[in-house]
Structure formats: structure tokens, C-alpha cells
Amino acid sequence: MINKIFVTFMSIFLFYNFLNISYAVEPNEIMENKNNEIRARNISKNVRCMICQNQSIDESNAPLAKDLRVLIRGEIKKGKSDDEIYNFLTKRYGDFILLKPPLKLSTLALWFLPFIFLAIGLLVLFFYNEKYKKV
Amino acid sequence: MKKQILIVPSIFFLFIISIFFYLLTIDRNPSEIPSNLINKTVPFFETETLLKNKKFISSNEFGNEIILVNFFATWCKPCREEHKYIIKLSKKNNLRIIGINYKDDPKKSIAWLKNLGNPYSDVPLDKNGRIAIDWGVYGIPETFVINSDGIIEYRHVGPITKKIYEKINLLISTLK
């Protein structure tokens, strides 16, 4: 019985933590239009904080991250599309500001080398097995 | 047979190790990100200035001579440390230096420049940090070298050290 209670309690606790992902957006930054706010949050999640570097600006408390969050919301209000906003940011900070590197000629290796390595690994495994089967 | 197979992975492993070793030993700062503005014209901005009673309009100022642009603030300690090099740069090359005052209190800036010396020809104010974003600035102090066509030649993030001072001097002498 105690065990059961413990498990239930722990799972609720874990689940709660899972839902309660931290973000840095301050109340006065939030837009009135809910759809626009969701768009702003989505863009912010894909934009790197240049100071903390492994956080998105959605999670970072750095002043520059806040400035960029406010700026993104301003651009949305002006009626800019998501692509226009990403372009605006990469024009100034380069592709590095995007947490996911774009698929370009120069990033082909980055995107496809893992699959090539996987294929090589599978081939090696396959031929290795064949050899031992014969023995 | 087995020994032969082991040769390939060990060569591969050594290759990777040597790459790691190389990256560890060279003088490299991984937090320094190359600027996307190199070889591009200076971003347009228009703002008030600290010491003169006139507006600073970037399109009127750039494109005639080599200009150094330095983002600084009085609350930024490395800015204080690099200031002596900026003064040296302005004296040695008779260089025009524009100091963009980033998110600062004008009163403190005036006192700061009186105290440490003022190498800047103009001090445009970037009150909310919007100009810095247009320049792709992410950690002040940052310094840009702009050639006489108004094109950004070089960007340095962080304080100017002796090494960077020499690098900028060399760059300016080649641009002249």
C-alpha cells in the first residue's frame, strides 16, 4: 500500500516537473493576441541566445535575449512573417543564431554524415557476419 | 586476420585524436562567433549624440575615411581596461573613432570620458540597445574597423588587448 502511494506521488511529481518547463518570458512582454504570442514563443525557441549559446532566447534571462524577444514581438505586430523574422536575425547574427543549422550546400556534411556513418557501420557488420558464417 | 582489421580503426582513432589535439593547442576562442557583417556596408542608424547637440546620421558619416567603431558602456569593466588602447589608436593613426554608448546613463558617460580621456569624435547614444542589434553585437565591448568605402573590414568581440591593438594597427596600415 505504502509502495503504491509512493509510486503515485513520485509519478505526479515527475510529470509535474516535466510540464513545468522553465522559460524566461516576463509578464509585461506577453502579447495581447494569443495566436501572435504563440508564434513569438515558437520563434524564440528556435533562436539561440548569443551570450549563453546553448540556451534559446525563450529560456535565457540575459538582457540581449530579452531585447530580442521584445524585438520579435514588435516585428510580429508589424505583420512580418516568421521567415522574414528569421532572415532579419540571420542577417545580423549569422546562421549561428538559429539553434537548428539550415540545410545548405555548406552544411550538407553536417546533416548527412551521420547517416553515411550508420550505413558504413551496417555494411561492416554485415560483411563481418558473413565471414564468420562461412567459418 | 583479426590484426589486419584492427589497423583501420586505430588509424581512424589516431586521426580523430590528432584533430582534437590540434583544436586544443591552437589559439582559439570558441565563444567568438564570426560576424555576418564583414564585407557589408555599415547598418543605417540615426540617434542623438552625447557631447554635441546634433543628431548622428550614419549615412552622413561613413564612407569618407577609415573609421573605428567601438561599442562601450561605463558599467562594463573590460571597456575601462581597453580604453587606453583606443586612445593609443586614435593618437597613433590620427584615426577617427566613433564610440557608441550602449545602454548607459549620459551623466555617467560624460564623467567617465572626462576621467579616462575622450578618443571619440562622436558618441552616438544607443539607449535601448537597438543599434547594437543591427550591428550584430552580442557582448560589449565590440570594435569594428570600417574602410573608406563604408564597408566593415573587421570585428573584434571583447576588450582590445595588446595583441588585438597590434592587429588593428596592421590592418589600418594596409587599408591606407
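Predicted model: local features only at pLDDT ≥ 70, side-chain atom pairs only at ≥ 80, totals over all residues.
Reader: Let's start with chain A. What average pLDDT does chain A get?

Author: Chain A averages 86, and 93% of the residues score at least 70.

Reader: And where is confidence lowest, and where highest, in chain A?

Author: The lowest is helix α1 (residues 2-19) of chain A, with a mean of 75. The highest is α3(A), at 93.

Reader: OK. Which domains does the assignment give for chain A?

Author: Domain 1 covers 2-102 and domain 2 covers 103-135. Taken over C-alpha atoms, the centres of these two domains of chain A are 36 Å apart.

Reader: Now helix α4 of chain A. What span should its 12 residues have?

Author: At 1.5 Å a residue, α4 (residues 82-93) of chain A should span 16 Å. Its end C-alpha atoms are 16 Å apart, so the model agrees with that expectation.

Reader: Which residues of α4(A) are buried?

Author: They are A:Ile85, A:Leu89 and A:Tyr93. Looking down the axis of α4(A), the buried residues fall within an arc of 45°, so they line one face of the helix.

Reader: Why would residues spaced like that point the same way?

Author: An α-helix has 3.6 residues a turn, so residues three or four places apart point the same way.

Reader: What's covering the buried residues of α4(A)?

Author: The cover includes α2 (34-46) and α3 (63-77) of chain A.

Reader: And what is exposed on the other side of α4(A)?

Author: A:Asp83, A:Glu84 and A:Asn87 are exposed there.

Reader: What happens just after α4(A)?

Author: A:Gly94 comes there, with a positive phi of about 80°.

Reader: Switching to chain B. How many helices and strands does chain B have?

Author: Chain B has 6 helices and 7 strands. From the N terminus on, the order in chain B is α-β-β-α-β-α-β-α-β-α-β-β-α.

Reader: What radius of gyration does chain B have, and what would a compact globule have?

Author: Chain B has 21 Å, whereas a compact globule of 176 residues would have a radius of gyration near 16 Å. Along its principal axes, the C-alpha trace of chain B spans about 85 × 35 × 30 Å.

Reader: How much of chain B counts as buried?

Author: Of its 176 residues, 32% count as buried.

Reader: And what share of the contacts in chain B comes from residues 24 or more positions apart?

Author: Such residues account for 72% of the chain B contacts with a separation of 6 or more.

Note on methods. Residues numbered from 1 in each chain as written. Chains lettered and ligands numbered in written order. Helix = DSSP H or I, 4+ residues; strand = E, 2+ residues; numbered from the N terminus. Rg over C-alpha atoms; globule rule 2.2 N^0.38 Å. Buried ≥ 20, exposed ≤ 12 C-beta atoms within 10 Å, placed from the backbone. Contact = placed C-beta atoms within 7 Å. Expected span 1.5 Å × (residues − 1). Arc of directions from axis to C-beta. Domains from an automatic or database assignment. pLDDT = per-residue confidence, 0-100.
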